[in-house]
Amino acid sequence: MKLPEWRPTAPVQRLNLYWLANAGVEVAVLRLDLIDQQVSGNKWFKLAPYIEAAARQGAQGLISLGGAHSNHLHALAAAGNRFGFQTVGLLRGNPQLTPTSAELEQLSMELHWLGYGGYRGRNLPGFWQPWRSRYPQLLPVPEGGGGLLGAQGCQLLVEMVRSQLDQLDWPDYHAWWLAVGTGTTLAGLVLAEAGAHPVYGALAVPARHGAQLQISSVLTQAQQADQGYRLLDAARGGFAKVDTLLLDFMQACEAESEMLFEPLYTAKALLALREQVEQGAFPRGTRLIFVHTGGLQGRAAALAKGL
Ligand SMILES: *Cc1c(COP(=O)(O)O)cnc(C)c1O
């Protein structure tokens, strides 16, 4: 496989919402959802170093794993389709037709459904062995594009924002705010900031999923102190749990800001931000960067769940 030469950048745009204006808090959104129709959101940035490693090793593609609505597998399949490398997806649960799984097949990803028990084994030693034997020509990528490589791929987001501050007429910003799943994207920002600005992570998954541990582990591997960030609970009862208050809030924000969000990550992060802002966590004049991590490919299915 060849090394893709694609280097997408995302615009930074002001977020106009009355509850931010009331509190005198300014927010600009890094629109990772806009980098591409198919290869969207933070997932490309986490995948890019793995794709690069695969190309350098002379691999023919990548193999990874995720759920039936996985934004990560979707981005991987779309990248493979676009740049001409083989992709294999190991899926959680029993074979099921979802908008995402249908699209994975259309994008020529080869799918294997592992069941629920089989998928639970993904962190056990020896999980990858049979898949490595079956697909020796493919590079395995951890769930969600996690690990140090994935985080390093997100470091460039900091420069992407800094280079656009002029256009916002901002001398600087005070902190980052984003949704957290594995914590890989957050870890990349923390690495690049190296203490210059704090990073707030709104947990879209329950704490027991181990984002905190994964972040610590990435920072340790990079020999950086385990600091410079704060995690807040934003899961609202669990990953992919959607409630009316959340959906109403999301739709109101979409109408007012003219941006689209999705309920599983970005709307939960935004709602957690509103709670903090209304509790006075940020003084007037605070300028925040909110990362729109994408996920819009799964928006319709996520919305349907909440109805
Ligand atoms: C995967 C995903 C996240 C979580 O990113 P991590 O790097 O795993 O923390 C956040 N938002 C969206 C839309 C995602 O698809």
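Two residues are in contact here if their C-beta atoms, placed from the backbone, lie within 7 Å. The exercises below apply this to a predicted model.

**Exercise 1. Describe how helix 3 packs against helix 4, and name the residues that meet.**

Step 1. Two packed helices are described by the angle between their axes and the distance between the axes. For helix 3 (71–83) and helix 4 (residues 99–106), the angle is about 20 degrees and the axes are 9 Å apart.

Step 2. Angles under 35 degrees count as roughly parallel, and helix 3 and helix 4 are therefore roughly parallel to each other. Their crossing is left-handed.

Step 3. On the side of helix 3, the residues Leu73, His74 and Ala77 take part, and they meet Thr100, Glu103 and Leu104 in helix 4. Sorted by class, this contact of helix 3 with helix 4 holds three nonpolar, two polar and one charged residues.

**Exercise 2. Work out whether helix 2 and helix 3 are parallel or oblique to each other, and describe their contact.**

Step 1. The axes of helix 2 (residues 43–56) and helix 3 come within 10 Å, and they cross at roughly 55 degrees.

Step 2. Helix 2 and helix 3 are therefore oblique to each other, and their crossing is right-handed.

Step 3. Helix 2 brings Lys43, Trp44, Leu47 and Ile51 to the contact, while helix 3 brings Asn71, His72, Ala75, Leu76 and Ala79. By class, the contact of helix 2 with helix 3 consists of six nonpolar, two polar and one charged residues.

**Exercise 3. State how the protein chain is divided into domains, and describe the side of domain 1 that touches domain 2.**

Step 1. The protein chain is divided into domain 1, made of 12–40 + 149–305, and domain 2, which covers 43–145. Taken over C-alpha atoms, the centres of domain 1 and domain 2 are separated by 25 Å.

Step 2. Across the boundary, 20 residues of domain 1 are in contact with 20 residues of domain 2. Helix 7 (147–154), helix 10 and helix 14 (299–305) each supply at least two residues of the side of domain 1 that touches domain 2, and helix 7 gives the most, with five residues.

Step 3. By class, this side of domain 1 has seven nonpolar, 13 polar and no charged residues.

**Exercise 4. Determine how helix 7 is placed against helix 10.**

Step 1. The axes of helix 7 and helix 10 come within 7 Å of each other and cross at roughly 60 degrees, which makes helix 7 oblique to helix 10.

Step 2. Helix 7 passes helix 10 in a right-handed crossing. The contact involves Gly150, Ala151, Gln152, Gly153 and Cys154 of helix 7, together with Thr184, Thr185, Ala187, Gly188, Leu189 and Leu191 of helix 10.

Step 3. The classes in the contact of helix 7 with helix 10 are five nonpolar, six polar and no charged residues.

**Exercise 5. Describe the shell around the ligand, and explain why the ligand lies between domain 1 and domain 2.**

Step 1. The ligand is surrounded by 18 residues, of which the closest are Gly181, Thr182, Tyr265, Thr293 and Gly295.

Step 2. Helix 3, strand 7 (175–180) and helix 10 (184–193) each supply at least two residues of this shell, and the largest share, three residues, comes from helix 10. The shell divides into four nonpolar, 14 polar and no charged residues.

Step 3. Domain 1 and domain 2 both give residues to the shell around the ligand, so the ligand lies between them.

Note on methods:
Residues are numbered from 1 along each chain as its sequence is written. This is a predicted model: local features need pLDDT of at least 70, side-chain atom pairs count only at pLDDT 80 or more; totals for chains, interfaces and linings use all residues. A residue is near a molecule or strand if its C-beta atom, placed from the backbone, lies within 6 Å of it. Helices (H or I, at least four residues) and strands (E, at least two) are DSSP runs, numbered from the N terminus. Ala, Val, Leu, Ile, Met, Phe, Trp, Tyr, Cys and Pro count as nonpolar, Asp, Glu, Lys and Arg as charged, and the others, Gly among them, as polar. Domain bounds come from an automatic or database domain assignment. Axes are lines fitted to C-alpha atoms, for helices over the stretch in contact, and angles run from 0 to 180 degrees between N-to-C directions. Angles under 35 degrees count as roughly parallel, over 145 as roughly antiparallel, 65 to 115 as roughly perpendicular and the rest as oblique. A crossing is left-handed if the near helix is turned anticlockwise from the far one by less than a right angle, and right-handed if clockwise.
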